[in-house]
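User: I would like to learn how to read the features of a structural model, one at a time. Could you give me the general idea behind each feature and then show me the case at hand?

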Amino acid sequence: MDMLWNGWGDPAKAAPLPETVTGLLRDLLGVEPRSNPALGLADIRPPAPTASRAALHALAAAVGDEHVRTDGEIRVRHTRGKSTPDLLRIRAGDVSDVPQAVVLPATHDEVLAVLRACAAHGLAVVPFGGGTSVVGGLAPQRSLFVALDLRRMNGLLDLDPVSRTAVLQPGLRAPEAEALLAGHGFTLGHFPQSFEWATIGGFAAARSSGQASAGYGRFDEMVLGLTLATPEGTIDTGRAPRSAAGPDLRQLILGSEGAFGVITSVTVRIRPLPEVRRYEGWRFRSFEEGATALRRLAQDGPRPTVLRLSDETETLVGLAQPDAIGADPAQGGAGCLAIAGYEGTAEDTAYRSERAADVLRDCGGTPAGTEPGERWAHGRYSAPYLRDALLDAGAFAETLETAAFWSRVPELYTAVRTALTDTLTRAGTPPLVMCHISHVYENGASLYFTVVSAQGADPVAHWTPAKHAANEALLAAGGTISHHHGVGTDHRDWYVREAGPLGVSALRAVKRRLDPEGLLNPGVLLPTD
């Protein structure tokens, strides 16, 4: 099944906002339903492909005629990603950057053949997994390009139960990967908010981080080996779990977002399926108090598998538990909601839960039982659907994220909130800005912001200055431009500043060697020459 073309996920899971929420949006933020009628997929008519017949024949020779698609619907479904500006543009009928064709290879060799064909005919290539990018990662700065859809490369190639490793193909969606591994008694343990639709190759290409990262680690920590197809040939990495044989080329491929090549297989670390999963809720009087508790657990243990903290606003609105939006906030109490989750054997989870409870209480936490934690687990993938419902109701809703060392987190939190609030208020659309910590490390943590406001006359133009102001604020406060969403085109100019001139020059040199014609995702990650 394909994802909703103008929104997120499974259309059957979409639901309108409760009246309590639409009333709050109207009274608090001045949100009014938009009057323009919604366009259907049949109303979107992309321009006909202008790629040459010879180019299309070369692609067909690489993968077979039936696997080169040029019909309008599939091309629209492969236009851009799922950021709010992406969705607003396509809902308005803007498909100006639609791909020329959608190409579906089945093997590593077919990917190489497609890259050779594109190089011969001057076609750019955008690798396409689940299509879940929210940073412009599927919007190349090139008009003639094809979407390289990897959905046919969706197998479990190998599983080594002794070493606890598995070799997965890049187009394998996360739920399918978990099902295949579970059949052997294992799990990857990677559960980002995009879990239902994102793919293994996308996780690697964007350095994804899952909601259970405190226990299982980030995806880049799970990757033991990669195979990369480039216009110049193949790179294979990962002969052993660790090596001192020069710089680690895996780290060059991880996070490269399709700019250096197409990931065609990923070797990952796997873990035994947990016997028990238990999620608990805790309340803190303030975000600062809760952050101190999370830091204590991250640094001194015991570290839960899942550890997250919503600030006062996110807790009050109910976004800490997306499927509870619209409930009476008084039922949840004041302060900030934290979720601590434990996975593993029954004995181990009970031990860690009891020891962590001592730390949380010592930091001022009050136990709220398992209900808030179980409700969070039940609704953990609901937020993108909620974003669609907010757009339908006339609100603007978008997210951004960053990370910093613990000592910088308070300043970073204040700086980004202030930048967003001041910019959007000056534009006449005062926002609601919410935040949570969802990934913790011994030395720091991520901050994930959600912004809701009225859309304004031109929603995309309304958001751009606020996004730029937030990016400036987070760099000035010591944060990174992205913790797990990636760079894409939206963050590229700030990533260039974060990496520095010499670092960018080194990456450009790598791209020139692997992709001499600059055909791979041009303008994504690095500026075009």
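Predicted model: local features only at pLDDT ≥ 70, side-chain atom pairs only at ≥ 80, totals over all residues.

User: What is the geometry of the peptide bond from Gly 301 to Pro 302?

Analyst: As a general idea, most peptide bonds are trans. The bond from Gly 301 to Pro 302 is cis, with an omega near -5°.

User: How many helices and strands does the chain have, and how compact is the chain for its length?

Analyst: The chain's secondary structure comprises 19 helices and 18 strands. Its radius of gyration is 23 Å, which is close to the 24 Å given by the globule rule for 529 residues, so the chain is as compact as a globular protein of that length. Along the principal axes, the C-alpha atoms fill a box of roughly 65 × 60 × 45 Å. Of the contacts between residues at least 6 apart in sequence, 75% join residues at least 24 apart.

User: Which residues of H1 are buried, and what do they pack against?

Analyst: The general idea is that an α-helix has 3.6 residues a turn, so residues three or four places apart point the same way. In H1, the buried residues include Val 21, Gly 23, Leu 25 and Leu 29. The buried residues of H1 pack against H15, strand S16 (395-405), strand S17 (432-437) and S18. Just after H1 comes Gly 30, with a positive phi of about 70°.

User: Which residues other than glycine have a positive phi here, and are they buried or exposed?

Analyst: Most residues other than glycine have a negative phi. Among the cases with a positive value is Arg 80, whose phi is near 60°, and which is found in the loop between helix H3 (72-77) and helix H4 (84-91). Arg 80 counts as buried because its relative accessibility is 2%. Another is Asn 521, with a phi of about 45°, in the segment after helix H19 (501-514). Asn 521 also has a relative accessibility of 2%, and therefore counts as buried.

User: How many aromatic pairs are there, and how should I read the pair formed by Phe 195 and Tyr 381?

Analyst: A search of the whole structure finds seven aromatic pairs. In the pair of Phe 195 and Tyr 381, the rings are 5.3 Å apart, centre to centre, with 15° between the planes, and the pair is stacked. This pair links distant parts of the chain, with the partners 186 residues apart: Phe 195 is in the loop between strand S7 (186-187) and helix H7 (200-205), and Tyr 381 is in the loop between helix H14 (371-378) and helix H15 (383-392).

User: Where is Thr 50, and which residues does Thr 50 touch?

Analyst: Thr 50 is in the loop between helix H1 (19-29) and helix H2 (53-63), and it counts as exposed because its relative accessibility is 59%. Leaving out residues up to four places away in sequence, Thr 50 touches Gln 100 and Leu 144. Between Thr 50 and Ala 101, which are 51 residues apart along the chain, the C-alpha separation is 9.9 Å.

User: How far apart are Asp 458 and Leu 88 in sequence and in space?

Analyst: Asp 458 and Leu 88 are 370 residues apart in sequence, and their C-alpha atoms are 9.9 Å apart in space. Asp 458 is found in the loop between strand S18 (444-454) and helix H17 (459-476), and it is partly exposed, with a relative accessible area of 44%.

How values were computed
Residues numbered from 1 in each chain as written. Heavy atoms only, no water. Helix = DSSP H or I, 4+ residues; strand = E, 2+ residues; numbered from the N terminus. Rg over C-alpha atoms; globule rule 2.2 N^0.38 Å. Contact = heavy atoms within 4.5 Å. Phe/Tyr/Trp six-rings, centres within 6.5 Å; stacked < 30°, edge-to-face > 60°. Buried < 20%, exposed > 50% of the residue type's maximum accessible area, 1.4 Å probe, protein only.
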